[in-house]
Amino acid sequence: MPLFDSFAISSSGMTSNRLWLDLITNNVVNMNTAGRPGDPNLQPYRRQVPVFSEVLETATGSVTGKDRLKGMGVHVPRVVEDPADPRLVHDPSHPYADEDGYVAYPNINIANEMVNMIAATRAYEASVTAVNAAKSMALKALEIGRG
Amino acid sequence: MNVTPLQMILPAEVKSGPEGQETAGVNSFGEVLSRALDDVNKAQLKADETTKQFLTGEIQDIHQVTIAAEEARIMMQLAVEVRNKVVEAYQEMSRMQV
């Protein structure tokens, strides 16, 4: 039913933003998941970033070509790792320290993660607002002819 | 003063919906109504099913449950609104002077 398309679209946005928040939370809690520099068996945690992608309505019947497909929301086709280098901290007493006494900490900046958390929360709220707008439009339509 | 006749302003023909649908008699009022009620019922069942799946842990997103419930609520309200209109029309008929 076309009326509920906007519900489905908003729902996909909320699901994607919840997944984003999951990844941010995972990044935050793994801030101290260290590794040994240059040791492939003891890699530090790497910051994970979602890749958002548009969902297009599946082509049915007369609809041909991408330009005529209707956007039907957003999804996260894959999660990529931040390629930035790990942060090296000099801590010879750490069990993962290399011969020079350096430990590789994840490439996570807590301030960035907090800002992303705000962005994810606000994006989720925006989807909720869109759902409420669609709902109030539908309910307003029901008031036609009343009274 | 030059007065434009009304016919020129109005569109030549006002079409009321797809042609041939009413004359064919395929979609009678009863059929349409029962199909709409079926849809409403399906929405209610879907909302129930979603709630159940959330409680059993198959769905992790709260918003899926609330959105399904909202859809069911709006469809139910639409059905109630249509019912009100039908009852209103019937009462209008029954009040007719004989």
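Trainee: At what angle do helix H3 and helix H4 of chain B pack, and how many Å apart are their axes?

Mentor: Two packed helices are described by the angle between their axes and the distance between the axes. Axes are lines fitted to C-alpha atoms, for helices over the stretch in contact, and angles run from 0 to 180 degrees between N-to-C directions. Helices are DSSP runs of H or I with at least four residues, numbered from the N terminus. Here H3(B), residues 29-55, and H4(B), residues 62-94, pack at about 160 degrees with their axes 9 Å apart. H3(B) and H4(B) are therefore roughly antiparallel, a term for angles over 145 degrees.

Mentor: This is a predicted model, in which local features need pLDDT of at least 70, side-chain atom pairs count only at pLDDT 80 or more, and totals for chains, interfaces and linings use all residues. Residues are numbered from 1 along each chain as its sequence is written, with chains lettered from A and ligands numbered from 1 in the order in which they are written.

Trainee: Which residues meet between H3(B) and H4(B)?

Mentor: Contact requires C-beta atoms, placed from the backbone, within 7 Å. Among those that meet are Ala36(B) and Phe54(B) in H3(B), and Gln64(B) and Ala79(B) in H4(B).

Trainee: How many residues of chain B are in contact with chain A?

Mentor: Ten residues of chain B are in contact with eleven of chain A.

Trainee: Where does Thr121(A) lie?

Mentor: Thr121(A) lies in helix H2 of chain A, residues 110-142. Thr121(A) is 103 residues from Arg18(A) in sequence, yet their C-alpha atoms are 8.4 Å apart.

Methods. Contact = placed C-beta atoms within 7 Å. Helix = DSSP H or I, 4+ residues; strand = E, 2+ residues; numbered from the N terminus. Parallel < 35°, antiparallel > 145°, perpendicular 65-115°, else oblique.
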